[in-house]
Amino acid sequence: MRYLPHTDEDIASMLETVGAGSLDELFKDIPESCRRHEELHLPEAMTEWELNDLMLDLSKSMATSPEYKVFMGAGSYEHHIPATVPYLLGRSEFVTSYTPYQPEMSQGTLQGIYEYQTLVARLLGMEAANASLYDGASALAEALLMAIRITRRKKVAISSLIHPMYRQVVRTYFEPTDCQVLELPYLENGRTDLSPLKDMSEIAAVAVQSPNFFGCIEDLQDTGKRTHEKEALFITCFTEPLAYGLLKNPGSQGADIACGEGQSFGIPPSFGGPALGMLASRMKYVRKMPGRLVGMTKDKEGRRGFVLTLSTREQHIRREKATSNICTNSSLCALAAAMYMASLGGSGLGELARLNYDKSEYLKEKLRKAGFRISFQSATFNEFVVEFPENFTATYKLLLDKKIVAGLPLKPFYPELMNHYLLCVTEVRTREEMDDLVREVKS
Amino acid sequence: MKELNELILPKDVRYTADHEWARVQGDVVRVGVSDYAQNQLGDITFVELPEAGDAFEKGEEFGTLESVKAVADLYMPVRGEILSINRELEKSPGLVNESPYGDGWMIEVRMKDPAELDELMTMPQYLEMLKGLD
Amino acid sequence: MKEYFATTGLNLNEPLLWERGKKGRCGFSLPRRDVDSYPLDEELADRELNLPDLSEFEIIRHYTRLSQWNFGLDTGMYPLGSCTMKYNPKINEKLAGLNGFAGAHPLLPATLSQGALKLMVQLERFLAEITGMDAVSLQPAAGAQGELTGMLLIYTYHKMKGQRRSKIIVPDTAHGTNPASAALCGYRPVPVESTEQGILSPSSIDKVMDEDTAGIMVTNPNTLGLFEENLKRIAEIVHAKDGLVYGDGANMNAIMGIVDMGKTGVDVLHLNLHKTFSTPHGGGGPGSGPVCVRKHLEPFLPVPRVIEENGKYLLSDDFPHSVGELHAFYGNFGVMLKAYCYILSMGPGNLKKASQLAVLNANYIKEMLKDTFYLPYDRPCMHECVFSDRLQRDQKILTLDIAKRLMDYGFHPPTIYFPLVVNGAIMIEPTETESKEELDHFIEACKTIVKEAEQDPDLLRQAPKYCKVKRMDETEAARQPCLTG
């Protein structure tokens with residue numbers, strides 16, 4: 001097998017050195033009660049060519065661009081990824097290297113991640129960002145736990161317009177704790193209803209998502225003000241960071257912690273993973289932050305260099321008192337995001353965000369003109385909710401056959417929103433495709 | 001790593017098994033960590049101390065000491081109330097390394113029971129204990 | 001003159017992104033605008049975005065230069081204990097990039113994502129077979145998240161019986177993620193010491209096991225590279241008080257096709273696809289940490305689960321006792337895919353061979369270096385072996401110095417200062433993909449370094465010499481953290 005370099009001579013020679021008569025003898029001390037005697041019941045080894053054929057075949061059953069026009073976001077976004085990003089990301093010194101615990105031989109990763117941290121902090125208007133978490137959902141859970149550690153309070157209030165799966169993950173993380181997760185309802189205009197806050201006491205944090213699951217942009221400044229009145233930490237989360245190429249960033253609106261999903265930045269949807277959990281906070285909370293941090297320093301001869309720092313927060317040192325149990329993160333995805341942000345630059349990011357917004361507004365307008373109701377009046381970024389007629393499921397299925405995915409039905413997540421669909425338009429969708437969609441749903 | 005005979009072990013303080021020292025100044029006790037502790041931990045990067053007014057039992061954890069690669073908990077040598085903390089350690093945690101018994105002091109405690117001091121080790125007793133550690 | 005393995009080469013310095021670039025440059029082909037501009041509430045918008053602007057070529061040079069400062073697996077050997085740094089097959093990278101997989105939205109209707117769903121179901125079955133367990137969840141995004149899932153499974157098992165146990169037994173050889181994961185689940189870790197032989201004894205577990213203890217977290221083979229021979233007996237003790245056994249499967253590479261973990265008494269086990277199953281480390285991630293369980297824990301597995309109905313695959317949330325969700329979607333599909341390809345490429349015979357050769361390689365290194373470095377446990381090891389710097393103490397040379405000097409010989413250092421039970425630990429795991437010649441090079445480098453320690457110890461203390469930077473001032477980095485530029 002091409003991954004196993006040992007020849008029979010190698011094995012014989014090494015067995016002799018080791019003092020064993022056979023490979024099996026190396027395992028002689030393993031108790032009989034747990035030995036496997038049968039061969040593993042797995043498919044016979046495939047050649048590279050057979051594997052290639054199998055995987056091509058499997059991949060053909062998947063509905064993707066350019067064949068399919070998918071108008072869905074909801075936490076996973078189709079964006080153009082420049083050829084430069086996978087090209088650079090594919091360099092084996094990035095792909096096959098280990099966590100940079102030995103900084104002298106990992107300056108590439110370390111500088112790359114320091115740059116990522118900086119770009120994320122600037123994008124979100126925050127003072128410090130970490131080197132990545134697994135995804136937006138676990139990032140939110142970690143942010144809430146961080147707020148609990150900082151304030152030593154046991155309640156958090158989260159908006160019901162945060163991505164339903166994110167809220168599920170938060171509840172899963174919180175289940176074995178003695179902390180409470182309270183949900184804030186939503187208003188008719190598609191934003192979070194903050195009024196229950198006035199009756200809440202001793203809350204550690206208030207978290208909203210902006211743009212939220214309905215695509216609506218929350219009033220972050222107001223939310224921040226009301227949160228701080230409760231002496232709680234203001235956490236903003238996001239599933240579409242591209243929005244901050246256009247909108248006022250969380251830091252400028254008073255966020256203490258900003259977290260979310262970075263997949264839009266140079267990482268393909270990949271059926272949901274790997275993803276990129278972003279987390280940033282005020283500098284004063286950095287010692288309570290989970291995840292790795294890369295810091296700039298000098299070597300003993302005065303050269304600038306980078307190193308993992310503040311490691312005493314982490315599991316390998318602090319063990320049960322660590323800020324999190326996270327070890328492996330999403331480093332390569334963070335590097336992809338940095339490359340993507342670097343490619344776009346400040347001006348490019350702003351333009352691309354504006355294009356997303358305008359395309360989404362175009363579809364909104366066309367749907368309105370075609371007689372459909374846009375469910376929520378608040379401004380949106382590149383996603384919005386539309387109300388389709390009662391028997392739309394049949395139309396939806398017909399559209400699937402025509403290779404159009406007309407949004408995500410909201411009913412499974414918000415039972416009161418039967419017939420409402422969440423549509424997403426990024427720069428990938430063309431005017432023609434949108435015109436086709438509208439024409440199809442009208443008929 | 002210092003050898004035993006290189007360690008600074010003043011006689012005017014009492015020692016705990018967790019390597020804290022306590023020096024009486026009237027009815028106030030000043031507390032820090034020994035030269036052995038700072039040498040073992042390496043360059044101190046951060047000191048987490050309680051607030052003035054906090055009260056602790058003898059042996060209770062009152063803070064932590066961090067170096068680049070390790071964390072050590074700090075334990076009260078005597079029962080008492082924190083009168084003051086060494087704020088210099090916030091910006092200069094290295095004082096613990098440079099002057100563990102002097103400028104690197106950590107907290108000042110109003111003792112509840114001065115007799116507790118006698119339960120602590122004298123310098124020769126502490127040195128014996130260190131010899132027993134590998 | 002003896003030629004070192006490592007050599008000099010021309011690497012270029014490269015500044016930070018924002019030290020490069022000029023306002024107005026762009027490295028991205030902005031898509032054609034085919035719609036008009038729509039009004040936007042100025043209250044919501046922000047014109048200032050302080051990100052650097054670079055041209056495409058600047059970005060290419062930037063990251064190409066950065067990559068050259070990195071040592072990767074493709075550069076040379078990484079004998080990191082408990083990390084299983086084995087070769088990352090390139091065909092797996094290519095297949096993960098297929099448009100049908102990379103471009104797939106996770107919320108597509110099941111009818112339009114059969115390929116991915118089928119792959120996941122098959123991978124679950126493969127992993128169940130390899131571990132000897134009954135059911136699998138691929139959802140956890142890394143080993144530590146798999147551990148948390150395992151803790152949640154155990155928590156739920158007791159919760160269903162109306163119990164809330166507060167402790168869990170954690171051996172002194174455990175990886176730091178073990179107690180950290182336990183703590184996230186509200187368990188207080190109860191430490192137990194390994195014996196002088198380096199393994200756990202049933203009596204030490206018996207002493208601490210009670211009805212308030214949720215169970216035990218065991219790594220097998222353990223972090224000393226030794227098989228926990230008493231695991232079955234320990235499991236019996238824990239089970240007798242209705243506790244559960246959590247297996248940290250990070251060291252699975254030693255036992256594929258040889259040990260049936262299902263027969264050891266383990267109730268739940270996690271795997272690291274980025275270790276045993278060859279997916280790349282990516283400089284720190286992404287990985288994947290599936291959990292494998294015995295039947296009695298299956299109802300608690302995270303949702304959604306992929307189920308098969310009349311030859312079709314779909315996702316189902318219909319598991320009322322599930323612990324919930326750990327990931328927004330289904331886990332790191334792109335990583336799962338590579339592990340799937342690896343298992344299919346190896347086949348059952350080669351997976352077993354891989355484990356055998358991993359163990360052979362580790363024992364070979366142990367035999368060849370046991371007079372060079374101090375070997376605390378002089379007995380047959382599994383896929384990794386642990387040494388220490390005790391023999392070098394007279395020269396006042398530390399494990400750290402040895403590690404740094406190894407870089408000058410073209411090797412990534414082994415895992416150092418872990419496990420904590422060995423002072424100055426040096427944990428070496430070669431994996432099966434290193435050839436005998438590579439191992440011999442490594443052995444020779446170690447021997448040369450030890451000689452240098454005797455004759456010219458400063459060579460070690462000043463190491464590394466050939467890397468882009470010398471030893472870093474980690475103290476200042478922690479005292480005055482500078483995390484953004």
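Between chain A and chain C, six salt bridges are counted, a salt bridge being a side-chain nitrogen of Lys or Arg within 4 Å of a carboxyl oxygen of Asp or Glu. In one of them, the side chains of Glu104(A) and Lys404(C) meet at 2.9 Å, N to O. The model is predicted, so local features need pLDDT of at least 70 and side-chain atom pairs count only at pLDDT 80 or more, while totals for chains, interfaces and linings use all residues. Residues are numbered from 1 along each chain as its sequence is written, chains are lettered from A in the order in which they are written, and side-chain values use heavy atoms, with hydrogens and water left out.

The interface of chain A and chain C involves 184 residues of chain A and 200 residues of chain C in contact (heavy atoms within 4.5 Å). About 16,700 Å² is buried between the two chains, 65% of it on carbon and sulfur atoms; buried area is the accessible area (1.4 Å probe) that two parts lose on being put together, summed over both. In chain A, the most area is lost to chain C by Glu104(A), Met105(A) and Phe271(A), together 6% of what that side buries.

In chain B, six strands form an open sheet in the order 1-2-3-9-8-5, with antiparallel pairing. Strands are DSSP runs (E, at least two residues) numbered from the N terminus, and two strands pair if DSSP finds at least two bridges between them. Strand 1 (14-15) and strand 5 (55-56) of chain B stand at the edges with a single partner strand each, so one side of each is left without a neighbour in the sheet.

How values were computed. Helix = DSSP H or I, 4+ residues; strand = E, 2+ residues; numbered from the N terminus.
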